[in-house]
Amino acid sequence: MGRSAMIAPSQALKGRPEKMRISETHYVLRNPMEGPWPAHLKVCVFANGCFWGSEKGIWRLPGGGIYSTAVGYAAGFTPNPTYEEACSGMTGSTEAVQVVYDPEKISLVDILRWFWEAHDPTQGMGQGNDRGTQYRSALLYYDSEQEQLMRASKEAYEKALKKAGKGMSSAITTELRAASDFETPFYYGEDYHQQYLAKPGARPYCSAQPLQVSLPPFEDWAPSEELLKKHAPKLPEEFWKVHGPKPHCVIRSPNEPIAWP
């Protein structure tokens with residue numbers, strides 16, 4: 001059981017200047033784990049509970065649009081925290097996933113749909129059996145378009161949950177922050193946590209609580225006509241009917257990306 005409330009920045013552990021040493025290559029996708037990234041790629045960071053299952057769900061999205069993923073710590077105060085420090089609640093960090101994606105092959109709207117539908121974003125400081133500030137739901141945006149899409153999708157999903165009568169509370173508690181609010185938006189986690197669920201001997205654990213409520217169609221909540229055209233989803237509704245998040249779906253799934261169609 002972790003802390004149920006955020007610490008003040010002045011209370012945070014000191015951390016360290018040295019970043020975590022990780023493998024050069026993604027265990028599943030075989031692409032680089034660290035940048036600099038090719039110019040055509042985009043980055044976003046999200047947190048929706050234990051990062052093991054969160055990362056696997058995203059790297060499995062089809063079409064070759066997910067270039068690389070990594071787990072780590074975000075939205076906190078301590079530089080380069082360790083897993084034990086993050087779990088203490090004394091860093092302010094949440095377990096997070098960095099996603100590097102090709103917007104020509106997958107839309108941020110597809111990624112956001114997986115993010116929202118793969119957990120219960122109304123649970124405050126925790127997700128399922130995992131409780132504490134290090135398991136809080138969060139989104140970090142890197143530009144204005146990402147911010148608009150994240151905020152609009154949050155509003156749309158909150159309305160959908162209320163209509164369905166789902167969720168631990170009546171409001172989404174997901175934290176939305178600009179990556180620029182932080183000197184370093186994302187700190188890599190330990191190498192053994194990277195692509196953990198794909199590695200031999202991994203413990204098949206995921207405490208995410210997907211509510212099986214769909215994010216409404218993009219045309220119902222797109223912030224503008226321009227963004228509706230530019231960020232139209234690449235994954236059709238048929239994909240979500242077959243592969244949309246369900247309880248325990250990640251730990252029961254193969255490691256390789258989904259073949260679709």
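Author: K42 counts as partly exposed, at 37% relative accessibility (buried means under 20% relative accessible area, exposed over 50%, and partly exposed in between, with a 1.4 Å probe and protein chains only). The model is predicted: local features need pLDDT of at least 70, side-chain atom pairs count only at pLDDT 80 or more, and totals for chains, interfaces and linings use all residues. Residues are numbered from 1 along each chain as its sequence is written, and side-chain values use heavy atoms, with hydrogens and water left out.

K42 forms a salt bridge with D143, and their closest N and O atoms are 3.5 Å apart (a salt bridge is a side-chain nitrogen of Lys or Arg within 4 Å of a carboxyl oxygen of Asp or Glu). K42 is in strand β1 and D143 in the loop between β6 and α4, so the pair ties together parts that are 101 residues apart in sequence (helices, H or I with at least four residues, and strands, E with at least two, are DSSP runs numbered from the N terminus). D143 is partly exposed too, at 25% relative accessibility.

A second salt bridge joins E175 and R136, with the closest N and O atoms 2.7 Å apart. E175 lies in strand β7 and R136 in the loop between β5 and β6, so this pair ties together parts that are 39 residues apart in sequence. R136 is buried, at 3% relative accessibility. Both residues belong to a network of salt bridges that links R136, E175, R177 and D181. In total, the structure holds 11 salt bridges.
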